Each structure stands twice: as structure tokens, then as C-alpha cells.
Amino acid sequence: MNIVANVLVGIVALIHLYIVVLEMFLWTTPRARASFGTTEEFAKESAPLAANQGLYNGFLAAALIWGLIATGSTAWQFKIFGLACVIVAGLYGTATASKKIFFVQVVPGTLALIAVLIAG
């Protein structure tokens, strides 16, 4: 079960690394605009805010990656902390920005959290 948990944590970390790239570096591109449903004008105006948001997603990914490379109770604590933060941020994003966030962030985060808790 530990392998399954780590794979799921890794998937959540990769999702957040992808979000980092979209928000920090590709925000004004057609791909990012399509992902977030923004216009070219809005993307240009909001690029600094998106980069800041991307940085926060990077912190979420960093916590999860640290949980995957650390050992002992530190690994478990970082996985739990990182996944809890992912879920809370996803719930807030779902309520305030887009219902799509629930499926992109909350569902994978919750599945990974359940797996980590079962793996103990």
C-alpha cells in the first residue's frame, strides 16, 4: 500500500508542478488561457498575480516532494501536511474560482491522503 500511496502523492505533486509552469511561465499563452478560461487581455493584466499563485502551488508540490524523499515520520508528516493543504486550497478554489478545480486538485489530493493514511 505504501507504493500506491507514494505513486498517488507523486501524481498530485506533478499536477501542481504543471500548474506552476502554467501560472508562472505560460500564463499568457493560448494553452494556459484555455486551461483557465481567460482572455488574452486579462492574462496580460493578471500575469503577476498568476505568477504569485503559481509560486504557492510550487510550495504545495515542494511539500509533497519532500515527503517522498524524506524518511521516517518526517516523510509521513510532510505528505499529510502537503495533501491537507492541497485539499483546502482546492476546496477554496472550487468555491471561489472554478468547479473544475474540485476534480483536478481535491479528488486526487483526497485519494492520495486516504492512501497515505491507510499505508500508515
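**Contacts, cores and a surface patch**

Colleague: Which residues is Leu64 in contact with, leaving aside its neighbours within four places in sequence?

Modeller: In this predicted model, Leu64 is in contact with Val9, Val12, Ala13, Lys79, Gly82, Leu83 and Val86. Contact here requires heavy atoms within 4.5 Å.

Colleague: Which residues touch the most other members of the largest nonpolar core?

Modeller: They are Val9, Val12, Leu64, Leu83 and Val116, out of 15 residues in that core. Helices α1, α3, α4 (72-96) and α5 (100-119) each supply at least two residues of the core, and α5 gives the most, with five.

Colleague: Why might nonpolar side chains gather in this way?

Modeller: In soluble globular proteins, nonpolar side chains tend to be buried together.

Colleague: What makes Asn57 count as buried?

Modeller: The relative accessible area of Asn57 is 9%. The cut-off for buried is under 20%, and therefore Asn57 is called buried. Asn57 is found in helix α3. Not counting residues up to four places away in sequence, Asn57 touches His16, Ile19, Val20 and Glu23.

Colleague: Why is Trp66 called partly exposed?

Modeller: Trp66, which is also found in helix α3, has a relative accessibility of 44%. Buried means under 20% and exposed means over 50%, with partly exposed in between; Trp66 therefore counts as partly exposed.

Colleague: Which residues form the nonpolar patch on the surface?

Modeller: The patch is formed by Leu14, Leu17, Ile65, Trp66, Leu68, Ile69 and Phe78, which together have about 630 Å² of accessible area. The elements that give two or more residues to the patch are α1 (2-24) and α3 (40-69). Helix α3 gives the most, with four residues.

Colleague: How many helices and strands are there in the protein chain?

Modeller: The chain has five helices and zero strands, so its elements run α-α-α-α-α from the N terminus on.

Colleague: What share of the residues of the protein chain count as buried?

Modeller: Of the 120 residues, 38% count as buried. The accessible surface of the chain comes to about 7,000 Å², and 73% of that belongs to carbon and sulfur atoms.

Key:
Residues numbered from 1 in each chain as written. Predicted model: local features only at pLDDT ≥ 70, side-chain atom pairs only at ≥ 80, totals over all residues. Heavy atoms only, no water. Patch = residues over 30% accessible without salt bridge, like charges linked within 9 Å, V, L, I, M, F, W, Y side chains within 5 Å. Areas by Shrake-Rupley, 256 points an atom, 1.4 Å probe, with all protein chains shown as cover. Salt bridge = Lys/Arg side-chain N within 4 Å of Asp/Glu carboxyl O. Buried < 20%, exposed > 50% of the residue type's maximum accessible area, 1.4 Å probe, protein only. Core = buried A, V, L, I, M, F, W, Y, C linked by side-chain atoms within 4.5 Å.
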